[in-house]
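Here is a short tour for anyone meeting this structure for the first time. Take a look at the sequence and the model, and then we'll walk through strands, spaces and charged pairs.

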Amino acid sequence: MKKVTNLIIAVFVGGIISNSYAETGKAPEATKKTVVVEKAPESEKVPQKAVYYLPCGARMTKCIIKEDQDQDIKINLRGYSKNDFQVKVIGPEKKMIVNQKVKAEKYAPLEIVIPKDGQTGQYVIMFVNLFEHKSKIEVPLTDLPEVYPTKYWAQSNKYDFFVKPVEGESMKFTFRPNKSSALVVDAVDGKILAKGTGGIEFEAEVGKNGAWIKTKARYNISKQQIVLSVSPEKWFAPETNESKK
């Protein structure tokens, strides 16, 4: 009987405590609303450790690499594709130097070599009819600086892509993550520059520090051409005429 009495008292006391909150209008400390801060949490300030896959366009995906010293360039395809696709490479003199059909299979890796050619500069790698829902190609593809200019890309997992102004001290772009959320976080101080949820456009302004686009969306759309990379070290500003195509 004593145990039952104690239980009833405990419940009754709990009821009085709960009612006191209702009467005073003051919420218990644990339920107070957190203050929204301008900076991202520590876990969001740096890129997530993950295998990156090529951010695929609708029918054609472009990757641009920069060679400062003439050498054989190895493009390593790691992953798989469930359909055949074409790899084309345009050299610094704007001539096609590779046009290779790649069959649907697993690549561990498949190596495509751009031979030493007496040139240096920018090489544009184009993947034609390579689809995100039928493939996963790991990036980076080369050991060189490497970027992916795009207005739209599809991705199978959450990735953090680095972006930076191609010209000037800053740039603005209007971004929409489809059916999910996204943050744009300053790459140096972790400040949240912009954020949004699926289906709603938001504008972001990125300065000379660069920023991480941290998106959970499978489909991502920008009204302006932006230049992505997997890290600040791999990023470079491609020739303006290529970055805007």
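Which side chain meets the side chain of K94 in a salt bridge? The partner is E239, and the N to O distance is 3.0 Å.

## Before we go on

What you're looking at is a predicted model, where local features need pLDDT of at least 70 and side-chain atom pairs count only at pLDDT 80 or more, while totals for chains, interfaces and linings use all residues. Residues are numbered from 1 along each chain as its sequence is written, and side-chain values use heavy atoms, with hydrogens and water left out.

## Charged pairs

A salt bridge here is a side-chain nitrogen of Lys or Arg within 4 Å of a carboxyl oxygen of Asp or Glu. The structure holds six of them.

Back to K94 and E239. This pair links distant parts of the chain, with K94 in the loop between β4 and β5 and E239 in the loop between β16 (219-229) and α3 (240-243), 145 residues apart. (Helices, H or I with at least four residues, and strands, E with at least two, are DSSP runs numbered from the N terminus.) K94 is partly exposed, with a relative accessible area of 44%, and E239 is partly exposed too, at 36%. For these labels, buried means under 20% relative accessible area, exposed over 50%, and partly exposed in between, using a 1.4 Å probe and protein chains only.

Another salt bridge brings together the side chains of K101 and D84, at 3.7 Å from N to O. K101 sits in strand β5 and D84 in the loop between β3 and β4, 17 residues apart. K101 counts as exposed because its relative accessibility is 52%, whereas D84 is partly exposed at 37%.

## How the strands pair up

Strands of a sheet pair through backbone hydrogen bonds, either parallel or antiparallel. In this report, two strands pair if DSSP finds at least two bridges between them. Four strands make an open sheet in the order β1-β8-β3-β6, with antiparallel pairing. Its edge strands are β1 (52-53) and β6 (105-114), each of which pairs on one side only. Within this sheet, β3 (residues 73-81) and β8 (residues 135-139) are joined by three bridges, and S81 stands opposite S135 in β8.

Then there's β4 (residues 85-90), which pairs with β5 (residues 96-102) in the antiparallel sense over six bridges. The β4 and β5 hairpin has five residues between its strands, and K94 takes a positive phi near 65° there. Strand β4 is also joined to β7 (residues 121-128), again antiparallel, by five bridges. Q86 shows both pairings: its bridge partner in β5 is K101, and its partner in β7 is V128.

Is T174 buried or exposed? It counts as buried, because its relative accessibility is 14%. T174 belongs to strand β11 (residues 171-177). Leaving aside neighbours within four places in sequence, its contacts (heavy atoms within 4.5 Å) are E201, F202, E203, I221, S222, K223 and Q224.

Two of those names form a charged pair of their own: the side chains of E201 and K223 meet in a salt bridge, 3.5 Å from N to O. E201 lies in the loop between β13 (192-196) and β14 (202-206) and K223 in strand β16, so the pair ties together parts that are 22 residues apart in sequence. E201 counts as partly exposed at 42%, while K223 counts as exposed at 51%.

On a 1 Å grid over the protein atoms alone, a cavity is a set of points where a 1.4 Å probe fits but cannot get out; a pocket is an open set with protein on both sides within 12 Å along at least five of seven lines, and lining residues have an atom within 4 Å of a point. Grid points are joined across faces, edges and corners, and a volume is the space filled by probe spheres set on the points.

The count comes to one cavity of 30 Å³ or more. The largest cavity has a volume of about 60 Å³, and its lining includes Y53, S135, I137 and Y159. Strand β8 gives the most to that lining, with three residues.

The second largest pocket holds about 200 Å³ of space. Of its 14 lining residues, M60, T61, K62, P149 and T150 lie nearest the centre. The largest share of this lining, five residues, comes from β9.
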